[in-house]
Amino acid sequence: MSYQVLARKWRPKSFSSLVGQDHVVQALSNALSQQRLHHAYLFTGTRGVGKTTLSRILAKSLNCATGITATPCGECDACRAIDIGRYVDYVEMDAASNRGIADMVSLLEQAIYAPSAGRFKVYMIDEVHMLTKEAFNAMLKTLEEPPAHVKFILATTDPQKVPVTILSRCLQFNLRQMASSTITAHLQDVLGQEQITFEAPALQLIARAANGSMRDALSLTDQAIAYGNQSVRETDVRSMLGAIDQSYLYELLRALIANDAPALLDIAQQMDSRSIGFESALKDLAALLHLLAIAQHNPQAIADDHPERRTLLELSSQLSAEMLQLYYQISILGHRDIGLAPDAYAGFTMTLLRMLAFKADAMAPTSAAPAGNAGSTENNARATSASGGARAALAQSRQAAAQNVQQEPASTTPVGLMETTISVTEAAVINQPVIESPQTEEPAPAQPVSNNEAETVNWDGNWRSLVENHLSKLGLVRALAQNCELVSYDADQMTLRIGDAHKHLASTNYLDKLNSALNNYFGRRIKLTIQVGQEANTPARQMAVEKAELQDQAKDAILSDHFVQGLMQEMGATIVPNSIKPLH
Ligand SMILES: [Zn+2]
């Protein structure tokens with residue numbers, strides 16, 4: 001039996017099995033039960049949240065042989081045909097590829113005729129915002145006076161680009177991005193039923209990388225199963241996702257806590273040599289600080305099976321609430337301004353050193369002389385003027401926090417407290433240009449960020465090594481690249497092939513990101529073309545095969561070991577299945 005990808009196999013077939021979209025499901029179910037039907041629905045939401053799935057369930061609800069219902073039977077001809085995508089009166093059209101007036105007109109001409117099998121003709125137009133203006137106008141006429149037997153289901157990731165005249169004639173439902181806990185729970189359920197062993201942190205990592213899209217999460221799980229030889233392990237998933245390993249962020253925070261500038265600069269150097277992007281590092285740092293602040297207020301907010309729970313709690317106990325606020329603010333501003341810095345390395349290290357400048361001040365005794373009443377040496381003067389700014393910011397932020405508590409005794413939510421503190425602190429930071437001055441005399445950062453990679457690269461055509469070494473921090477874009485095979489390339493074009501089972505990874509969004517990563521790597525514009533075809537010798541498949549070979553070798557080595565043979569023969573010992581793991 002051929003393997004069916006999880007996303008297809010586990011595509012929900014009824015409203016009750018659709019997870020994470022309760023608000024939409026409830027509204028639609030009520031409308032169907034009360035026979036309050038609209039002639040056009042618009043589903044909005046990012047990719048992979050269930051727009052097409054919902055559309056198919058709705059089509060079944062409208063055409064099920066048991067009558068118009070919120071619980072289509074799933075067994076009649078109409079339900080079954082819609083499930084496998086072969087129902088004459090349900091048409092799915094992708095506006096991204098059929099966007100012109102001719103396609104729309106021919107669809108609308110068909111719409112006039114009564115349905116041939118069901119109650120309604122249901123037209124699902126995906127990515128409807130891609131239609132041309134003429135096509136929208138053609139559709140508008142039908143939407144204004146729709147034949148009674150026609151239902152439109154429009155779906156889009158970008159409702160802003162749909163004309164208001166169309167929007168106003170649709171019943172609109174906004175599908176949410178799925179919370180990573182919802183995704184994790186669903187993956188657990190699916191893997192349990194598939195009888196595939198998994199480690200909880202591995203699912204957490206997948207859920208986070210999937211970024212709200214259940215379909216992406218299931219694709220990544222498929223890949224993890226192949227890679228991990230029928231089990232989903234944390235280490236495998238980390239390496240599969242390009243090790244979005246954030247340990248360097250923890251190192252940075254430890255160095256900040258220890259007030260250790262040389263260590264900070266050292267870590268920045270290491271990040272540079274591992275080509276970790278400084279801009280995204282600042283964003284990740286802000287996200288981590290946010291998590292630490294949450295952990296400080298409510299340790300329960302960090303899930304028990306969070307892969308880094310212990311580290312997070314440890315770090316949050318070592319930083320005061322005020323320092324967390326300041327570091328957060330500084331990293332946000334550092335991220336905003338990194339484009340203005342001489343280069344990304346300078347922007348990044350200056351941001352870290354700014355945090356240290358505040359830190360030094362926060363630790364200074366409160367009775368220190370106020371700014372202007374400086375000591376005799378130049379150094380003292382410098383330190384004092386800098387810390388004056390920092391202290392003012394800190395004091396203001398403390399005061400703001402205190403005021404906030406006094407003014408609104410009812411509001412005990414930490415969130416409200418945080419928001420006020422942030423805005424005041426931001427003003428303080430922005431208005432204190434002086435805080436950057438001490439760093440001008442710090443030793444200059446040793447190496448500006450290297451732009452060597454942007455030079456034209458003579459490439460040997462080794463797609464796998466390119467993917468492994470240079471597209472390593474791109475999460476799902478990397479998954480896309482791993483599942484592609486190189487077909488051809490020359491100086492300014494590259495053609496890849498992706499297997500049918502993975503073609504959903506090749507969305508415009510990820511293709512654009514892959515293309516720009518390639519442009520970056522080659523230092524010139526590459527025209528990227530992706531063909532969909534037979535699954536072939538992709539890096540993902542090569543890795544899975546190698547892994548399986550290693551596993552076989554490890555098994556052979558164990559089984560041919562004399563000691564093990566002795567144990568098995570003489571003591572009746574058996575080997576626990578899947579307990580053998582290759583040494584890396
Ligand atoms: Zn049915």
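This report describes a zinc site, aromatic ring pairs and a surface patch in a predicted model.

## The zinc site

Four cysteines hold the zinc ion: C64, C73, C76 and C79 each coordinate the metal through the SG atom, at 2.3 Å. Along the chain, these donors follow the spacing C-x8-C-x2-C-x2-C. C64 lies in the loop between helix 3 (51-63) and helix 4 (77-83), whereas C79 belongs to helix 4, and the two are 15 residues apart. Both C64 and C79 are buried.

The arrangement around the zinc ion is tetrahedral because the 4 donor atoms subtend angles of 101 to 119 degrees. For four tetrahedral donors, the ideal angle at a metal is 109.5 degrees.

## Aromatic pairs

The model contains 8 aromatic pairs. In the pair formed by F43 and F173, the ring centres are 6.0 Å apart and the planes meet at 55 degrees, so the pair is tilted. F43 is part of strand 1 (residues 40-44) and F173 is part of strand 5 (residues 171-174), so the pair ties together parts that are 130 residues apart in sequence.

Both members of this pair are buried: F43 has a relative accessibility of 0%, and F173 has a relative accessible area of 10%. Elsewhere, ring pairs join W459, Y489, Y521 and F522 into a cluster.

## A nonpolar surface patch

On the surface, I558, L559 and M568 make up a nonpolar patch, and together they have about 210 Å² of accessible area. I558 is located in helix 23 (residues 539-559). Its relative accessibility is 32%, so I558 counts as partly exposed.

Note on methods. Residues numbered from 1 in each chain as written. Predicted model: local features only at pLDDT ≥ 70, side-chain atom pairs only at ≥ 80, totals over all residues. Heavy atoms only, no water. Patch = residues over 30% accessible without salt bridge, like charges linked within 9 Å, V, L, I, M, F, W, Y side chains within 5 Å. Areas by Shrake-Rupley, 256 points an atom, 1.4 Å probe, with all protein chains shown as cover. Salt bridge = Lys/Arg side-chain N within 4 Å of Asp/Glu carboxyl O. Helix = DSSP H or I, 4+ residues; strand = E, 2+ residues; numbered from the N terminus. Buried < 20%, exposed > 50% of the residue type's maximum accessible area, 1.4 Å probe, protein only. Donors = N, O, S within 2.8 Å, 3.2 Å for Na, K, Ca; no water. Tetrahedral: all angles 85-135°; square planar, octahedral: opposite > 155°, others 65-115°. Phe/Tyr/Trp six-rings, centres within 6.5 Å; stacked < 30°, edge-to-face > 60°.
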